[in-house]
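Please look over the sequence and the structure shown here before reading on. The briefing that follows goes from the whole protein to single residues.

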Amino acid sequence: MIVNNQTALMGIIGNPLEHSLSPLMHNFTLAKMGLNYVYLPLQVAPDFLRASLDGLRALNFIGVNVTIPYKKEVIQFLDELSPEASACEAVNLIKNENGHLIGYNTDGRGFMASLEEEGIQSIHRVIMIGAGGAAYSLAYELSLAGAEQIDILDIEQDKAAALANFVNQLPGGKAAGMRMNEKLFIHLSAQADLIINCTPVGMFPNIEATPIGSFDKVPGAAVIYDLVYNPLVTRFLAIAGARQLKTINGSSMLVHQGALTLKILTGVQPPLAYMREVILNNCQRC
């Protein structure tokens with residue numbers, strides 16, 4: 001990669017960012033595409049979120065991804081939202097158009113593309129663990145896709161209830177929000193066909209952590225999905241794998257939403273297979 005005075009700037013803002021493979025994936029991919037861009041990790045302390053967005057304008061960044069914990073908080077500082085971001089009340093991508101900051105959300109579409117890639121087409125009962133920004137976009141897309149029931153569990157019951165209320169206002173949406181505990185999860189999991197960890201629990205470097213400890217009651221045909229991608233096999237997925245359940249790690253969603261990010265920011269369709277290869281070949285610590 002050659003950086004010169006024509007190099008355009010992209011990046012990701014969040015806190016922490018040690019776990020993020022987005023800079024690795026995007027910089028390799030941009031070089032493969034022959035585009036003169038660089039993608040930077042920008043760890044932002046909470047008190048400086050607004051200032052960081054002013055900095056994007058001042059430094060003429062093309063755009064940035066947004067990750068934990070700012071996907072909802074960042075909205076108040078933006079000039080415009082895409083229909084998906086507005087509906088989901090969460091942003092994971094900001095595009096800078098001459099100082100006009102537009103918020104997008106590619107998480108939900110990336111997630112659904114990863115399910116389609118795995119041949120998963122019919123989802124009836126879903127358990128979502130965690131009710132943060134990513135959970136909103138997934139719940140939105142799952143409801144539109146016809147999920148019959150979405151049970152949302154969070155250690156903060158108010159957050160779970162708020163997400164459930166959001167889902168219940170969508171056409172055909174049906175959800176319940178409850179405080180997370182192992183006994184309740186085991187009870188609900190007996191009827192689930194998709195269980196998603198939407199929390200950062202188990203993410204590098206805390207790789208021994210897991211939001212739950214048992215999949216004993218989960219039907220054998222259920223799919224277990226962890227949005228965490230570093231490590232590629234979390235303890236959450238390892239427990240599910242020990243029961244021979246189908247598992248999907250977060251690298252699939254990372255690649256699909258990342259491809260959407262680059263298409264929005266550059267106008268060019270990136271090589272999806274190459275992006276996946278970069279993640280799998282370079283994730284030595286995963």
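**Charges and overall build**

The mean position of the 19 positive charges of the protein lies 3 Å from the mean position of its 25 negative charges. This is a predicted model. The protein contains 10 helices and 12 strands. Its radius of gyration is 18 Å, close to the 19 Å that the globule rule gives for 286 residues, so the protein is as compact as a globular protein of that length.

**Size, burial and contacts**

- Taken along the principal axes, the C-alpha atoms of the protein fill a box of roughly 60 × 40 × 35 Å.
- Of the 286 residues, 53% count as buried.
- The protein exposes about 12500 Å², and carbon and sulfur atoms supply 51% of that area.
- Among contacts with a separation of 6 or more, 71% are between residues 24 or more positions apart.

- Helix 9 has 16 residues and reaches 22 Å from its first C-alpha to its last, close to the 22 Å expected at 1.5 Å a residue.
- Helix 9 is largely enclosed by the rest of the structure, because 14 of its 16 residues are buried.
- Lys263 lies in this helix, which covers residues 251–266.
- Leaving aside neighbours within four places in sequence, Lys263 is in contact with Val268, Gln269 and Pro270.
- Lys263 and Ala161 are 102 residues apart in sequence, and their C-alpha atoms are 34 Å apart in space.

**Cis peptide bonds**

- Most residues other than glycine have a negative phi, and most peptide bonds are trans.
- The peptide bond from Asn15 to Pro16 is cis, with omega near 10°. Pro16 sits in the loop between strand 1 (8–14) and helix 1 (22–32).
- Asn230 and Pro231 are also joined by a cis peptide bond, with omega about 15°. The loop that holds Pro231 runs between strand 11 (223–226) and helix 8 (235–242).

- Glu89 is not a glycine, yet it has a positive phi of about 55°. Glu89 is found in the loop between helix 3 (83–88) and strand 5 (93–97), and it is partly exposed, with a relative accessible area of 39%.
- Asn98, a residue other than glycine, has a positive phi near 55°. Asn98 is placed in the loop between strand 5 and strand 6 (100–104), and it is exposed, with a relative accessible area of 82%.

Key
Residues numbered from 1 in each chain as written. Predicted model: local features only at pLDDT ≥ 70, side-chain atom pairs only at ≥ 80, totals over all residues. Heavy atoms only, no water. Helix = DSSP H or I, 4+ residues; strand = E, 2+ residues; numbered from the N terminus. Rg over C-alpha atoms; globule rule 2.2 N^0.38 Å. Buried < 20%, exposed > 50% of the residue type's maximum accessible area, 1.4 Å probe, protein only. Contact = heavy atoms within 4.5 Å. Areas by Shrake-Rupley, 256 points an atom, 1.4 Å probe, with all protein chains shown as cover. Lys, Arg positive; Asp, Glu negative; His and termini not counted. Charge placed at Lys NZ, Arg CZ, Asp CG, Glu CD. Expected span 1.5 Å × (residues − 1).
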